[in-house]
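Morning, everyone. I have one structure to show you today. Let me put it on the screen.

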Amino acid sequence: MPPRPRIAVYWTGGCGGCDVSFLELGPALLDVLAQIEIAFWPALVDTKRSDVEALAPRSIAATLVNGTLRTEENVEMVHLLREKSELVVAFGACAYQGGVPGLANLATRDEILRRMSGNGFRPSPPPGGEAEDAPPGLLPQAKSLADEITVDYVVPGCPPMPPLIGLLLGALLSGDLPAPGHVFAHDKALCEECPRTREERKLTKVVRPHELVPDPNVCLLDQGMICLGPVTRGGCGAACPKAGMPCTGCVGPTPNAGDPGLAMISALGSLARAGEEGPGAFAAEDRLLDALVDPLGTFYKYSLPAYVRTGKRSDR
Amino acid sequence: MPETPFEPKIVAFLCRWCAGAGADLAGTSRIAYPANAVPIRVNCSGRVEPEWVMEAFRSGADGVFIGGCHPGDCHYVSGNYKTRRRIYLLKKLLAEMGIEPERVRLEWVSATEGAKYARVMKEFVAELKRLGPLHLEREEKTMPASPVLPRVGS
């Protein structure tokens, strides 16, 4: 029996939901904990950065990083953990593609600091504190983990769902590891596992979730909700569509979809109808599509840093 | 000021039935128009994926032109209508990204409209000169395989 593998879990710019998501494993979590040794997990055990620094290189079997990279400290920590780890896993939507905090890339760092703290704000130590007590500097943009270090595997989701966490833990504990770069979710679209039926194949209106109590059996896109199911990986069991909410794409796009926003534009362009197609319908079609008020935020809710390099920048 | 004036790079997707024939007519009629566009013939403007437009920008284009058949003339009945809705949405997305939507231009050009093709291309070049260059750099990822940013054709 080999020694129990050392596992680390670290959070960068996240909400803590990924750390909590392990609890969804239920009693199975106890079996997992019995088979591993926790090397570092700030949310769970009292280990310090100095404990990690003291470890030999590659002595952690796997480090699961959740959260977007937003501060200089985040970057330092993930480089340190990369050095000490055999495998690094991007855990959750933020580490995978930037996540919800990545939407901040639509504003420059200066705009964010001014908005949050007023004109002329500079990070400084607390009164009477040492210089090193100052908050870490904010990066110019939020980044995904792979922007900074080599990532071996991905467990997507916001937060990752128990079946997907189970796939990763199963691979780590059995030692039966997939090829580097593997994403622990399905390659097929979420629609494949959605129980709703698709009949219309037309988008005749666009409604937001609060504007409609959807029919429980009919495809949400058919009912006018912008559901990202067609371009999003399955694996979550279509949890949101089953509950009457459109998929917002937290598991990330299927390998075939590529850029989720552009794939959705292609799909919605085909589906949208405002009466008989032709010049007479153009104005009505435009009004229909205008009801999709924020395409960028809708299509890249969890992935803006991964796909949109072009947002507002200080040098543009 | 740069020594040489800015010459915008344009990728032009032209449908083979109408706009492509129109562009050919502009040439065989010896109508002078700016040589900024690299034409790519496609069977239908409806085949032009939004992904291709962004790929053109990422590859260094300052503008993307899409030429299709006039309404009612599409060889495939409704490909141009799909294109129109896609480009409408894409422009909304570009505006949110901080890219001027005017960098994408959709025009209906029939096979007899060589003069129109030359005119809209002149207008487009002038518009892009006014907007200036678009620098959309690619950034390489350190992911071993590339599940993060799949490329066209991958």
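Predicted model: local features only at pLDDT ≥ 70, side-chain atom pairs only at ≥ 80, totals over all residues.

Start with chain A. It is divided into domain 1, residues 6–174, and domain 2, residues 190–307. Their centres, taken over C-alpha atoms, are 31 Å apart. The two domains do touch. Domain 1 of chain A gives 17 residues to the contact, and domain 2 of chain A gives 17 residues.

Next, cavities. How many cavities of 30 Å³ or more does a search of the whole structure find? The search finds 3. I'll take the second largest cavity, which holds about 110 Å³ of space. Which elements give two or more residues to its lining? They are strand 1 (6–11), helix 2 (28–35) and helix 7 (162–174) of chain A. Lining residues include A:Ile7, A:Val9, A:Phe22, A:Trp41 and A:Leu169.

Now the helix pair. Helix 9 of chain A, residues 260–271, packs with helix 2 of chain B, residues 50–58. The angle is about 140°, and the axes are 8 Å apart. Angles over 145 degrees would count as roughly antiparallel, so helix 9 of chain A is oblique to helix 2 of chain B.

Who makes the contact? From helix 9 of chain A, we have A:Leu262, A:Ile265 and A:Ser266. From helix 2 of chain B, we have B:Pro50, B:Glu51 and B:Met54. That contact divides into 4 nonpolar residues, 1 polar and 1 charged.

Technical notes:
Residues numbered from 1 in each chain as written. Chains lettered and ligands numbered in written order. Heavy atoms only, no water. Axes fitted to C-alpha atoms, helices over the stretch in contact; angles between N-to-C directions. Helix = DSSP H or I, 4+ residues; strand = E, 2+ residues; numbered from the N terminus. Parallel < 35°, antiparallel > 145°, perpendicular 65-115°, else oblique. Contact = heavy atoms within 4.5 Å. Nonpolar A, V, L, I, M, F, W, Y, C, P; charged D, E, K, R; others polar. 1 Å grid on protein atoms, 1.4 Å probe; cavity = no way out; pocket = protein on both sides within 12 Å on 5 of 7 lines; lining within 4 Å. Points joined across faces, edges and corners; volume = space filled by probe spheres on them. Domains from an automatic or database assignment.
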